[in-house]
Amino acid sequence: MYLLIIINPLFNSLFSLLFGRYIGSKGTIFMTVFGMLINFLLSLVIFFEVALSSCPVYIKTFSWLNCEMLDFSWGFLFDTLTVVMLVVVNCVSLVVHLYSIDYMRTDPHKVRFFSYLSLFTFFMLILVTADNFVQMFVGWEGVGLCSYLLINFWHTRIQANKAAMKAVFINRVGDFGLLLGIFLIFWQFKSVNYLTVFSLVNYYHLNSLNFLVPFFNIDIYSLICIFLFIGVMGKSAQIGLHTWLPDAMEGPTPVSALIHAATMVTAGVFLLARCSPIFEYSPFVLSIITIFGAMTAFFASATALVQNDLKRVIAYSTCSQLGYMVFACGTSNYNVGIFHLSNHAFFKALLF
């Protein structure tokens with residue numbers, strides 16, 4: 001059951017792409033929507049078992065790479081944070097699939113559209129269920145790829161091409177920062193597994209090296225947190241790397257609801273909550289996160305007041321709400337950030 005909820009969207013997406021011409025648009029729509037309904041029901045069962053019954057689940061499938069000290073596998077961690085994200089992602093994805101049936105009824109490329117939606121959901125599930133940073137990065141890059149495919153779905157429009165390329169290039173800046181953070185985590189802990197890294201944080205805190213930067217004395221934990229936060233800034237559209245979010249409205253409206261309400265932009269807030277054991281050892285970076293979150297919330301909401309396009313108003317509203325979530329995480333209230341993430345996913349999907 002736990003692996004089925006991950007494999008199901010991938011199977012639906014690949015089957016639709018390969019055999020869509022044979023089963024037709026109606027067959028593709030039925031298959032993808034029914035698959036998302038099964039996923040949503042499974043996520044409710046998993047939420048009951050893991051969160052309400054206090055029974056976290058860890059599944060290790062097979063080794064991915066084993067090279068001296070670098071050893072990580074395809075593993076899946078289902079804890080309270082993961083199952084909350086599973087319910088949010090699967091529920092909003094199901095609603096978006098249902099809304100897309102009527103919205104895309106006259107589009108000749110419905111098969112490709114629904115296949116991309118399912119593929120997007122698969123990569124988001126990989127991101128939230130991963131048990132190590134490398135596997136999480138696979139899902140992180142996957143949602144970036146799918147966002148390009150979906151924003152550029154109407155690829156004959158020049159503005160859609162520009163918006164998709166802008167989203168990719170700006171996210172590459174954040175992804176590079178996240179990658180540097182993962183490299184430093186492996187260099188410090190000799191592991192990329194969540195459970196191993198978080199259990200060693202307290203021990204290595206006493207033996208961490210310091211990096212002399214002009215006017216600052218930054219320890220290795222602060223450096224790791226800074227690079228991780230750069231990744232958060234790119235994906236969750238914090239001020240400085242936020243410009244791709246309003247332009248990404250060039251895609252179909254269901255794409256905007258899926259990417260900007262429940263999945264892609266919330267990945268950064270999820271990363272902050274997941275890496276909270278590391279962030280708690282760097283009050284300096286937490287202060288920076290708080291400042292950036294507050295600035296984003298104020299700047300984006302003020303910018304939304306002078307926009308004429310309704311979708312851009314909602315986009316800046318999303319950016320502002322993400323600022324609130326990051327602000328909450330910066331003040332060490334990660335539970336509040338995730339709570340607002342769940343609320344925001346549903347009311348923003350309804351707005352779209």
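Guide: Happy to; here is a walk through the aromatic pairs. Please keep in mind that this is a predicted model. Counting rings whose centres lie within 6.5 Å, the total comes to 15 aromatic pairs.

Let's start with Tyr-99 and Tyr-103. Their ring centres are 5.7 Å apart and their planes meet at 35°, so this pair is tilted; the stacked class would need planes under 30 degrees apart, and edge-to-face would need over 60. Both tyrosines belong to helix H2, which covers residues 80–103, and they are four residues apart, or about one turn of the helix. As for accessibility, Tyr-99 has a relative value of 41%, so it counts as partly exposed. Tyr-103, at 32%, counts as partly exposed too.

Next come Phe-113 and Phe-153, an edge-to-face pair with 5.1 Å from centre to centre and 70° between the planes. This pair links distant parts of the chain, its members being 40 residues apart. Phe-113 sits in helix H3 (residues 110–129), while Phe-153 lies in the loop between helix H4 (133–151) and helix H5 (158–189). With the cut-off for buried set at under 20% relative accessible area, Phe-113 counts as buried because its relative accessibility is 0%. Phe-153 has a relative accessible area of 1%, so it is buried as well.

Finally, there is a grouping to look for elsewhere in the view: Phe-11, Phe-15, Phe-19 and Tyr-22 together make up one aromatic cluster.

Technical notes: Residues are numbered from 1 along each chain as its sequence is written. This is a predicted model: local features need pLDDT of at least 70, side-chain atom pairs count only at pLDDT 80 or more; totals for chains, interfaces and linings use all residues. Side-chain values use heavy atoms; hydrogens and water are left out. Rings of Phe, Tyr and Trp (its six-membered ring) pair if their centres lie within 6.5 Å; planes under 30 degrees apart count as stacked, over 60 as edge-to-face and the rest as tilted. Helices (H or I, at least four residues) and strands (E, at least two) are DSSP runs, numbered from the N terminus. Buried means under 20% relative accessible area, exposed over 50%, partly exposed in between (1.4 Å probe, protein chains only).
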